[in-house]
Amino acid sequence: MNICIVCGARPNFIKVAPLLRALKDRDFHHCQLVYAGCEDDPTLEASLFDDLQISRPDVFLGVDSQSLNEITGRVMGAFDQYLDKHPADVVIVVDDLASTMAAAIVTKKRGIRLAHLVAGTRSFDITMPKEVNRLVIDGLSDLLFTAGISSSSRTNTEGVSQNKVYMVGNILIDNLRFCHNRWKRPALMDELQLEEGKYFVLTINRKALLNDKENLERMLKVISENASEVPVVAFIRHNSSLITYHSSLITYHSSLPYLEFGYLTANAQGVITDSGNVAEEATFNHVPCITLNSYTEHIETVKVGTNVLVGADAELLGNQVAEMVAGNWKHGDLPDRWDGRTAERILQILET
């Protein structure tokens, strides 16, 4: 079987890594990894693929643009040309990016079997470009691999034939289990004199939060005011141009290598983030987590795990940080099928 896996951004590689490692053990499959971006993409640090123990992409489509519509058109053209030279029996697309949707459209126009990894996630906000992408990709897919019951139920209410939907579990957990004994303690902890379980990790990447500079300042202020003496290690995208609020408790940093960031979040007293992936990692690690969003595509992290949603409400954020400092946090369990066998289940389905 010729398998093509398409990634559109750095987080996608983390989710497909378990699949790629599992495919190594199956000599009767030929797999190519395609990246929509450029070979010199600065977000793909040299250590990423070594950390994940996977090879770099076989093909780079070379699309580099900030316009979502331009990305869609250019990826469609480039991926169409790729398939001319590299026929595939199945194309696996990941998550909900414009490049993901573009590859999905080209795949179905060619009559190739299409699989969507992490299907069924919804924000129920149709004004979000990613929500449009999700609806299109799920509507086109022949195989919808969902992470949990709630995601499978959403596809059912939208009329997707249930013989296309498979609750395979959360593939991110496959990676966390694989890397659990490989985390690397970052030198940053020694530089800041951080002790395990006695610091917070803050990450902010969403444009909606970054563009509202006034509220961003309020959030940083309430975090500092309510953190007591707990230091906060902050990773804020493009922070040099955005951050004017400074506190002795908060230190701002660029990104860390994957295995080092994994160690940092796994050993934190608490995590504050706008990333669904980071919130899932916190639930797996039983670390208290505050999500700076009013919804989550993976509601299991709230219903079962350690996650709490506060939106962009600075006052609510401050209250929850105080609760985190006081140790007044709910006990989290692992959601169903967070067992590290998601990639194996996916391959079993593809082979039937």
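What is the volume of the second largest pocket? I looked it up and found about 210 Å³, the space filled by probe spheres set on grid points joined across faces, edges and corners. A pocket here is an open set of points on a 1 Å grid over the protein atoms alone, where a 1.4 Å probe fits, with protein on both sides within 12 Å along at least five of seven lines.

I noted that the model is predicted: local features need pLDDT of at least 70, side-chain atom pairs count only at pLDDT 80 or more, and totals for chains, interfaces and linings use all residues. Residues are numbered from 1 along each chain as its sequence is written, and side-chain values use heavy atoms, without hydrogens and water.

Next I listed the lining (residues with an atom within 4 Å of a point). Leu20, Leu23, Lys24, His29 and Cys31 are among the residues that line this pocket. H1 gives the largest share of the lining, 3 residues. Helices are DSSP runs of H or I with at least four residues, strands runs of E with at least two, numbered from the N terminus.

Then I turned to H1 (residues 10-24) and H7 (residues 171-179), which pack at about 75° with axes 8 Å apart. The axes are lines fitted to C-alpha atoms over the stretch in contact, and angles run from 0 to 180 degrees between N-to-C directions. H1 is therefore roughly perpendicular to H7, a label for angles of 65 to 115 degrees.

Note on methods
Parallel < 35°, antiparallel > 145°, perpendicular 65-115°, else oblique.
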